[in-house]
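Thanks for coming, everyone. Let me put the model on the screen, and then we can walk through it together.

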Amino acid sequence: MLEGAVAVLPMLAIAILLINMGQRPLTRPPNEPRSPKRAATLMVAGLVLALLGGALVLQRLRAPDWTLLPAIAATMAAGWALRRYLAVFRSHCRNCGARLSLVEILFREQAAEDPTQPDRCPACDRQ
Ligand SMILES: [Zn+2]
């Protein structure tokens with residue numbers, strides 16, 4: 001299990017960081033709304049990298065595989081503590097309830113002209 005985690009977690013972190021790079025930049029002009037989705041993916045990548053660090057330490061110490069479970073639990077606890085910042089992805093339109101596509105869930109930010117209505121589908125944004 002440790003070897004599997006050490007093999008998979010770097011690829012997962014790279015995938016998350018690639019998604020992060022496709023999102024809106026954190027630095028922005030003063031009138032633009034901030035990008036909570038990009039901050040959330042950055043935090044998730046940090047959690048994955050922290051878990052990878054824990055797995056590498058455990059592998060280096062030749063710890064048994066089950067010792068990865070407390071590391072996973074600690075990572076999940078950190079994610080739970082950060083849920084206010086991580087739970088910014090909505091799967092359905094806030095206005096009409098239509099299901100959003102994966103690209104819209106990950107990359108679509110609120111309309112700049114109306115920041116009080118985030119995560120609306122393109123049809124609601126046109127109205
Ligand atoms: Zn809608």
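Start with Leu 51. It has 21 C-beta neighbours inside 10 Å, and the cut-off for buried is 20 or more, so Leu 51 counts as buried. Where does Leu 51 sit? Leu 51 is in helix α2, which covers residues 36-60.

A word of caution before I go on. This is a predicted model. The mean pLDDT of the protein is 86. Of its residues, 86% reach 70 or more. Among the elements, helix α3, residues 68-81, has the highest mean pLDDT, at 95. The lowest belongs to helix α6, residues 122-126, at 82.

Back to Leu 51. Which residues does Leu 51 touch, if we skip those up to four places away in sequence? There are Leu 9, Ala 71, Ile 72 and Thr 75. Look also at Leu 68. Leu 51 and Leu 68 are 17 residues apart along the chain. Their C-alpha atoms are separated by 8.8 Å.

Now zoom out to the core. Leu 51 belongs to the largest nonpolar core, which has 9 residues. The largest share comes from α2, with 5 residues. As general background, nonpolar side chains tend to be buried together in soluble globular proteins.

Next, the helix pair. How do α2 and α3 pack? Their axes are 10 Å apart, and the angle is about 160°. An angle over 145 degrees counts as roughly antiparallel, so that is what α2 is to α3. The crossing of α2 past α3 is right-handed.

Here is who meets whom. From α2 we have Leu 47, Ala 50, Leu 51, Gly 54, Ala 55 and Leu 58. From α3 they meet Leu 68, Ala 71, Ile 72, Thr 75, Ala 78 and Gly 79.

One last stop: Ala 7. Ala 7 lies in helix α1, residues 2-22. Buried or exposed? Ala 7 counts as exposed, because it has 10 C-beta neighbours inside 10 Å and the limit for exposed is 12 or fewer. Now find Leu 52. Ala 7 and Leu 52 are 45 residues apart in sequence. In space, they are 9.2 Å apart, C-alpha to C-alpha.

That's my tour. Over to you.

Conventions
Residues numbered from 1 in each chain as written. Predicted model: local features only at pLDDT ≥ 70, side-chain atom pairs only at ≥ 80, totals over all residues. Helix = DSSP H or I, 4+ residues; strand = E, 2+ residues; numbered from the N terminus. pLDDT = per-residue confidence, 0-100. Contact = placed C-beta atoms within 7 Å. Core = buried A, V, L, I, M, F, W, Y, C linked by C-beta atoms within 7 Å. Axes fitted to C-alpha atoms, helices over the stretch in contact; angles between N-to-C directions. Parallel < 35°, antiparallel > 145°, perpendicular 65-115°, else oblique. Left-handed = near helix turned anticlockwise from the far one by under 90°.
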